[in-house]
Amino acid sequence: MRCGVLIPVYQPDHRLIDLVLGTQNRGLDVLVVNDGSTVNLSLFQQLEQMGVPVLRHPQNCGKGRALKTGIAHMAREGFQAVITADADGQHSIDDICRIAQALAEHPSQLVMGARDIAQMVPRSRAGNSITQKLFRILHGISLQDTQTGLRGIPLTPDSMPALLELAGDRYEYEMEMLLNSRLLFPDGILEIPIQTIYLDQNQSSHFRPLADGIKIYRILFRDLPKFLLSSLLSFALDYAAFNALYYLLFHVTVPATVLARIFSATVNFLVNRSLVFKAGGTSYTAWNYLKLALCVLALNTGLMFLLVDVLSLPAAVMKIVVECLLYLVSFIAQSNFASRKKKR
């Protein structure tokens, strides 16, 4: 496997030269992308004198855009995999080589260097911990380090050219890669423990906690607004059907709940599949939705029976309470379906 190291660079210092030299000395090809730097430009000239190819953006476009530029170039040059590394000294040469070795042994998996969250600086530790938990809950993928910049990316028919079509030009691009990992890398993600290195309390990082954090979390929850509208439509249909069936026909909750749920769930599935999760994975099927709907139906029916028929609480009010409790369960499950690819 021909594997090279891709280093996106903005406002570099001497550590860039150290990183490139160390990587070259271990026999790895290196490509540097100058993402509109305005300081220490002589470093790029020095790299070119060393025979290192340097691509340039006329202005700062963001890490994601620099990665896309580098990936496209390396794919054209015949590389079968790239290792992305940061230029600020946070990734050791030994760890880069460990990722290269893991890629050689697992050529179809996304290989990620996983840092120890407990050793991170406070702002990074908090953000990574929250993102890690949300990512696991919403998309069913458990990772130790969702924000690592040290990644081994196979350039296969499954991943190319989709890697270049992912949304995002800054740090959110790396989150997009993880969200689409089941489609891009069918054999999954492999995490390799790496050193947790922070120089000068990570002062050299260009990550903007507020602006870039908002972009990352907006990606994590991007389906929520459409899902909310779809759910409100479904709830309105279910609520109207339940009350009509309960007060006008059955006067007991079980048949009213079941029939109302069948009607609203059918509408909800059709809307979600065509509008909400239309770009999702192949596991968003009628069968998986039916299994989820049956589980939600059982919970809905049981809770309504307990609250209304046993405890004699008002049916109209309890219906709203139960639906709100089950809303999050449904969103999490359907988000998992939407990001999952069916097993071959």
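A search of the whole predicted structure turns up five aromatic pairs, where rings of Phe, Tyr and Trp (its six-membered ring) pair if their centres lie within 6.5 Å, with planes under 30 degrees apart counted as stacked, over 60 as edge-to-face and the rest as tilted. The model is predicted, with local features needing pLDDT of at least 70 and side-chain atom pairs pLDDT 80 or more, while totals for chains, interfaces and linings use all residues. Residues are numbered from 1 along each chain as its sequence is written, and side-chain values use heavy atoms, leaving out hydrogens and water.

One of the pairs joins F227 and F331, whose ring centres are 4.9 Å apart and whose planes meet at 55 degrees, so the pair is tilted. F227 belongs to helix α10 (residues 224–250) and F331 to helix α13 (residues 315–338), 104 residues apart; helices here are DSSP runs of H or I with at least four residues, numbered from the N terminus. Both F227 and F331 are buried, that is, under 20% relative accessible area with a 1.4 Å probe and protein chains only.

F269 and Y289 also form a tilted pair, at 5.1 Å centre to centre and 50 degrees between the planes. Since F269 lies in helix α11 (residues 253–276) and Y289 in helix α12 (residues 286–310), this pair ties together parts 20 residues apart in sequence. F269 is buried at 8% relative accessibility, and Y289 is buried at 9%.

Elsewhere, ring pairs link F242, Y246 and Y247 into a cluster. The charged end of K319 sits over the F242 ring, 5.2 Å from its centre, a label that requires NZ of Lys or CZ of Arg within 6 Å of the ring centre and within 35 degrees of the ring normal. Likewise, the charged end of R2 sits over the ring of F79, 3.9 Å from its centre.

How values were computed
Helix = DSSP H or I, 4+ residues; strand = E, 2+ residues; numbered from the N terminus. Buried < 20%, exposed > 50% of the residue type's maximum accessible area, 1.4 Å probe, protein only.
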